[in-house]
Each structure stands twice: as structure tokens, then as C-alpha cells.
Amino acid sequence: ALSSTAEATSNCIAMLDALDAMGSDHVRYCIATTSPKPRVPVCVDAAGLRPYFSPESIHSGESDFNPPRFKPDPSVYLKA
């Protein structure tokens, strides 16, 4: 259901430019979120960001830890 409602916005153009610039400068980047990991790839795909984020570069406080870790616990951000 989420994949049918997720869609890119005009702000994604600026994000693509920023990701391209960071890639050119060899700056490492990833996604760190407390959202469930199954939800994040759907959003990444809808935004057209899949070429920039491998599954290994997406970290979830809910899915990557047992037990899950949420804000204000910084674990997912430290892992990223």
C-alpha cells in the first residue's frame, strides 16, 4: 500500500545534486532512521534515490537492533 502512495517531490532534484556532489568528492553518506526498515526502501525508490543507497547504507533503529532502539537512543546514528 505504501509503494502505491509514495511519490517524489520537486525537492528531490536538489537532493540528487547534493548526492552527486558528495559522491564526486568521495564523501560517504547513508540513511539512519528509526522507521521500520521495510518502509525505507519504498521511500528511497519513490524519491528516485535507489542508485545512491545500497541496502547496506540504510540503517534502522527498529530493524537493525534487538531489541529495537528508538529516539532519544543514538545507536542507529552511531552505527551509520
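Author: Happy to! Let's settle on I31: setting aside its neighbours within four places in sequence, I31 is in contact with V40, V44, F53, S57, I58 and H59. Keep in mind that this is a predicted model.

The largest nonpolar core has eight residues, and I31 belongs to it together with L19, V40, V44, A47, L49, F53 and I58. In the protein chain as a whole, 22% of the 80 residues count as buried.

Next, the cysteines. C30 is partly exposed, because its relative accessibility of 30% falls between the 20% and 50% cut-offs. C43 is partly exposed too, with a relative accessible area of 35%. With sulfur atoms within 2.5 Å as the criterion, the count of disulfides is zero.

Stepping back, the chain has four helices and two strands, arranged along the sequence as α-α-β-α-β-α. Strand β1 covers residues 31–33 and has the highest mean pLDDT among the elements, 89. At the other end of the range, helix α1 (residues 2–5) has the lowest, 55. Where pLDDT is low, the predicted coordinates should not be read in detail. Over the protein chain the mean pLDDT is 83, with 85% of residues reaching 70 or more.

Two last values describe the chain overall. Of the contacts between residues at least 6 apart in sequence, 58% join residues at least 24 apart. The chain exposes about 5,400 Å², and carbon and sulfur atoms supply 57% of that area.

Technical notes:
Residues are numbered from 1 along each chain as its sequence is written. This is a predicted model: local features need pLDDT of at least 70, side-chain atom pairs count only at pLDDT 80 or more; totals for chains, interfaces and linings use all residues. Side-chain values use heavy atoms; hydrogens and water are left out. A nonpolar core is a set of buried Ala, Val, Leu, Ile, Met, Phe, Trp, Tyr and Cys residues joined through side-chain atoms within 4.5 Å. Buried means under 20% relative accessible area, exposed over 50%, partly exposed in between (1.4 Å probe, protein chains only). Contact means heavy atoms within 4.5 Å. pLDDT is the predictor's confidence in each residue, from 0 to 100. Accessible areas come from the Shrake-Rupley method with a 1.4 Å probe; for residues, only the protein chains shown count as cover.
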